Amino acid sequence: VQLQASGGGLVQPRESLRLSCAASGSIFSIDAMSWYRQAPGKQRELVAAITSGGRTNYVDSVKGRFTISGDNAKNMVHLQMNSLKPEDTAVYYCNANVRQRLLAPTIGYWGQGTQVTVSS
């Protein structure tokens with residue numbers, strides 16, 4: 001299973017970015033997809049997650065600014081990031097909990113990371 005993330009870049013404060021992640025390979029179903037981020041010198045943290053049923057959760061610091069959405073048919077997840085702040089600067093990683101056959105346990109896979117830099 002491979003996860004390909006895209007959409008990072010350099011933006012100014014209060015601007016927007018949209019991250020996308022596509023999962024491919026041996027996939028029977030995906031229970032949930034999520035975005036994590038890791039800033040220099042800090043631990044990786046969960047930013048937002050969405051289940052196959054559409055339930056979402058966010059870290060408090062991005063609530064009201066970020067929106068996660070999923071496309072189950074395409075095994076994709078998106079993260080719309082609005083009103084970006086310098087403290088959002090980090091490498092963003094997508095994660096997918098993949099089931100490779102019916103009733104099999106899920107396995108977590110990671111994308112390669114995409115850099116988001118918010119700076120004036």
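Guide: A disulfide is a pair of cysteine sulfur atoms within 2.5 Å. The structure shown above is a predicted model, and one disulfide is counted in it.

Visitor: What makes the link of Cys21 and Cys94 a disulfide?

Guide: The sulfur atoms of Cys21 and Cys94 are 2.0 Å apart, and because the limit is 2.5 Å, the pair qualifies as a disulfide. The angle about the S-S bond is 50 degrees, and the link is right-handed. Cys21 belongs to strand S3 (residues 17-24) and Cys94 to strand S9 (residues 90-99), so the link ties together parts that are 73 residues apart in sequence. Both Cys21 and Cys94 are buried.

Visitor: Why is Ser34 called buried?

Guide: Ser34, which is found in strand S4 (residues 29-38), has a relative accessible area of 7%, and because buried means under 20%, Ser34 is classed as buried.

Visitor: How do you know that the rings of Tyr36 and Trp110 are edge-to-face?

Guide: A pair of aromatic rings is described by the distance of the centres and the angle of the planes. One aromatic pair is counted here: the ring centres of Tyr36 and Trp110 lie 4.9 Å apart, with the planes at 65 degrees. The centres have to lie within 6.5 Å, and planes over 60 degrees apart count as edge-to-face, so the pair of Tyr36 and Trp110 is edge-to-face. The pair links distant parts of the chain, with Tyr36 in strand S4 and Trp110 in strand S10 (residues 107-110), 74 residues apart.

Visitor: Over the faces of which rings does Arg44 lie?

Guide: Arg44 lies over the face of Tyr93, at 3.8 Å from the ring centre, and also over the face of Trp110, at 4.7 Å from the ring centre; the limit for the distance is 6 Å.

Visitor: What makes S7 and S8 a pair of strands?

Guide: Six bridges join S7 to strand S8 (residues 76-81), and the two run antiparallel; because at least two bridges are needed, S7 and S8 count as paired. Among the bridge partners are Gly70 and, in S8, Val77.

How values were computed
Residues are numbered from 1 along each chain as its sequence is written. This is a predicted model: local features need pLDDT of at least 70, side-chain atom pairs count only at pLDDT 80 or more; totals for chains, interfaces and linings use all residues. Side-chain values use heavy atoms; hydrogens and water are left out. Helices (H or I, at least four residues) and strands (E, at least two) are DSSP runs, numbered from the N terminus. Buried means under 20% relative accessible area, exposed over 50%, partly exposed in between (1.4 Å probe, protein chains only). Rings of Phe, Tyr and Trp (its six-membered ring) pair if their centres lie within 6.5 Å; planes under 30 degrees apart count as stacked, over 60 as edge-to-face and the rest as tilted. A charge sits over a ring if NZ of Lys or CZ of Arg is within 6 Å of the ring centre and within 35 degrees of the ring normal.
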